[in-house]
Each structure stands twice: as C-alpha cells, then as structure tokens.
Amino acid sequence: MKYKIIKLKNGEKRYQFDVSLGYDAKGNRIRTTIRTKTLKEGKQKVAELMLKEKNTVDKGMNVEEAYKLYISDCQNKGFSKNTISNKRLIYKHFSCFGLTYVYQISDVDLLRWQNGIIENQSTAVAKTARTNFSAFM
C-alpha cells in the first residue's frame, strides 16, 4: 500500500493514500484519495473502503459465471437494453475462457487471446472486445 507524507504549512503531517477501486464499464480507472492524520488511521480507512468496494467475483468462480454476474450487475445499474445486448454478443469473443477459473487466466493467455482476435476480426471488433473484457475483469 503506497502513501505519501504531506507537510502542511503549520508543520503538521498528513498521510495521503491513492486507492484504486478497479475499472468502470468503459474501462476507465476508478480511484480515490484518502488523507488522514495518522498512518494507522489511513490504513484502516483504506481497508474499510476496499472491503466496501470489494469486487463480487469469487476466486473460485469461472469466467462464464463471473460474466453472468457482470451482466446482472450492468442491468441493476440501469444500462440500456442495447448496451446489455451488445455486451452479451461480445461475450462470444472471450467465451474461450468460459470454464477457466478467473484466477487461472495468465498474462500469456490474454496475449494469445488478443492476438487471435486481431488476426480474425476487424480492428473495431478487436478494440471493442478488448475494452469489454477489460471492463469485465
């Protein structure tokens, strides 16, 4: 856990934590900053925030189950029917991971998948598939 020590004009110290909460549906990073007087208090607030914002994907869940959970979450957040339909259609491009457990997907697997998409699909489809997979993960 990284933090910075900030010195105020009056000489007091503050601890600043930059916390990454994951990525939104568009693939943009979600993050927040926490400032506290003590290091212990800061670590506690970061832990509470991470617990509150914890991703609901279980490590024992395969990609297919996790994707169903993701689609359900998108529906609960009020995404349009067209967006949900597009996300379901894009799933066919990474259904090759279907029964693989989420924690078992390695960097090498992702690179092979991306190269396969680039070779077999148009640039626009490849970009959309990568963006959606990134948002999903």
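# Briefing on helix packing and the nonpolar cores

Leaving aside residues up to four places away in sequence, Ala126 touches Ile117, Ile118 and Gln121. Ala126 has its place in helix 5, and with a relative accessibility of 3%, under the 20% cut-off, Ala126 counts as buried. The model described here is predicted, with an average pLDDT of 82 for the protein and a score of at least 70 for 91% of the residues.

**Confidence by element**

- Among the elements of the protein, strand 1, which covers residues 3–7, has the highest mean pLDDT, at 92, whereas helix 5 has the lowest, at 79.

**Helix 4 and helix 5**

- The axes of helix 4 and helix 5 come within 9 Å and cross at roughly 150 degrees; angles over 145 degrees count as roughly antiparallel, and helix 4 and helix 5 are therefore roughly antiparallel to each other.
- Where helix 4 passes helix 5, the crossing is right-handed.
- On the side of helix 4, the contact is made by Leu110, Trp113, Gln114, Ile117 and Ile118, and these meet Ala126, Ala129, Arg130 and Phe133 of helix 5.
- The C-alpha atom of Ala126 is separated by 8.8 Å from that of His93, although the two residues are 33 places apart along the chain.

**Helix 2 and helix 3**

- Helix 2 and helix 3 pack with their axes 10 Å apart and at an angle of about 170 degrees, so that this pair, too, is roughly antiparallel.
- Tyr67, Tyr70, Ile71, Cys74 and Gln75 of helix 2 make the contact together with Ile84, Lys87 and Arg88 of helix 3.
- Gln75, which lies in helix 2, touches Ile84 and Arg88 when residues up to four places away in sequence are not counted.
- The C-alpha atoms of Gln75 and Ile90, which are 15 residues apart along the chain, are separated by 16 Å.

**Nonpolar cores**

- In soluble globular proteins, nonpolar side chains tend to be buried together.
- The largest nonpolar core of this model has 21 residues, and those with the most contacts inside it are Tyr67, Tyr70, Phe94, Phe97, Trp113 and Phe136.
- Two or more residues of this core are given by each of helix 2 (63–76), helix 3 (81–90), helix 4 (107–120) and helix 5 (123–136), and helix 2 supplies the largest share, six residues.
- Which residues does Trp113 touch, not counting residues up to four places away in sequence? Trp113 touches His93, Phe94, Cys96, Phe97, Ala129, Arg130 and Phe133.

**A loop residue, Gln104**

- Gln104 is found in the loop between helix 3 and helix 4, and because its relative accessible area of 42% lies between the 20% and 50% cut-offs, Gln104 is partly exposed.
- Along the chain, Gln104 and Asn62 are 42 residues apart, and the separation of their C-alpha atoms is 9.1 Å.

How values were computed
Residues numbered from 1 in each chain as written. Predicted model: local features only at pLDDT ≥ 70, side-chain atom pairs only at ≥ 80, totals over all residues. Heavy atoms only, no water. Core = buried A, V, L, I, M, F, W, Y, C linked by side-chain atoms within 4.5 Å. Buried < 20%, exposed > 50% of the residue type's maximum accessible area, 1.4 Å probe, protein only. Helix = DSSP H or I, 4+ residues; strand = E, 2+ residues; numbered from the N terminus. Contact = heavy atoms within 4.5 Å. pLDDT = per-residue confidence, 0-100. Axes fitted to C-alpha atoms, helices over the stretch in contact; angles between N-to-C directions. Parallel < 35°, antiparallel > 145°, perpendicular 65-115°, else oblique. Left-handed = near helix turned anticlockwise from the far one by under 90°.
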